[in-house]
Amino acid sequence: SKTDTQSSCWQKVAWSSIYIFIALTILITVSKQLDGLMLTDEEAYSLGINPNRLRVIAVVAATLATATAVSASGLIGFVGIVVPHLVRGITHRVTNRGLLTIALVGASFLVLADLGARTLLSPAELPIGVITAFVGAISFIRTTSKAGNEMIKINNLSVRYGDFYALNHITLEIPRGTWTCLVGPNGAGKT
């Protein structure tokens with residue numbers, strides 16, 4: 001019956017909110033330390049931050065929040081890409097320090113997207129992912145059309161696993177309007 005369906009939906013919300021609250025509490029607790037991950041490991045250690053431990057904590061907490069949200073509501077794309085950039089553009093704060101703001105704006109964004117999905121073609125209902133993908137596409141086009149010739153610019157990038165350098169002092173510039181392809185075997189680190 002409809003009442004059973006509604007109560008099971010609210011039970012799902014209640015259980016999900018517990019796990020998401022735990023994950024957000026962990027992420028907000030370590031949010032100031034997350035800024036240290038923008039430094040090299042040596043610099044982070046000098047600030048008293050254990051980057052390996054912090055990465056594990058952040059990834060586990062973010063995975064818990066994401067998996068819980070996806071299991072409760074389904075996959076809704078572009079929210080995690082659009083909202084942090086939007087918040088950072090408005091507040092001019094480092095993303096890690098705006099985690100609570102990002103969470104609240106993300107929730108508000110989804111409520112507005114859901115409202116649009118339910119009302120734009122009423123009485124028919126669009127999937128919420130159509131609305132979020134539309135906003136994501138506009139955001140992507142806006143970001144890529146900003147002033148400057150480079151679409152992607154990397155300066156002196158190094159990636160190290162222990163003593164092994166997977167990338168060492170890589171500089172790359174991809175101008176707008178060009179196609180670039182990375183070729184290599186699976187597992188070579190093209191991503």
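A salt bridge is taken here as a side-chain nitrogen of Lys or Arg lying within 4 Å of a carboxyl oxygen of Asp or Glu. The structure is a predicted model, in which local features need pLDDT of at least 70 and side-chain atom pairs count only at pLDDT 80 or more, while totals for chains, interfaces and linings use all residues. Residues are numbered from 1 along each chain as its sequence is written, and side-chain values use heavy atoms, with hydrogens and water left out.

Side chains of opposite charge can pair when their charged atoms come close. A search of the whole structure finds four salt bridges. In one of them, the side chains of Arg 55 and Asp 41 meet at 2.7 Å, N to O. Arg 55 belongs to helix α4 and Asp 41 to helix α3 (residues 41–46), so this pair ties together parts that are 14 residues apart in sequence; helices (H or I, at least four residues) and strands (E, at least two) are DSSP runs, numbered from the N terminus. Arg 55 is partly exposed at 32% relative accessibility, where buried means under 20% relative accessible area, exposed over 50%, and partly exposed in between, with a 1.4 Å probe and protein chains only. Asp 41 is also partly exposed, at 24%.

Another salt bridge joins the side chains of Arg 160 and Glu 42, again at 2.7 Å, N to O. This pair links distant parts of the chain, since Arg 160 lies in strand β1 (residues 150–161) and Glu 42 in helix α3, 118 residues apart. Arg 160 is partly exposed, with a relative accessible area of 38%, and Glu 42 is partly exposed at 46%.

Salt bridges that share partners join Asp 114, Arg 118 and Glu 125 into one network.

Helix α6 (residues 99–119) also meets α5: Val 79, Val 83, Pro 84, Leu 86 and Val 87 in α5 contact Thr 101, Ile 102, Val 105, Gly 106, Phe 109 and Leu 110 in α6, contact meaning heavy atoms within 4.5 Å. By class, this contact has nine nonpolar, two polar and no charged residues, with Ala, Val, Leu, Ile, Met, Phe, Trp, Tyr, Cys and Pro counted as nonpolar, Asp, Glu, Lys and Arg as charged, and the others, Gly among them, as polar.

How values were computed: Axes are lines fitted to C-alpha atoms, for helices over the stretch in contact, and angles run from 0 to 180 degrees between N-to-C directions.
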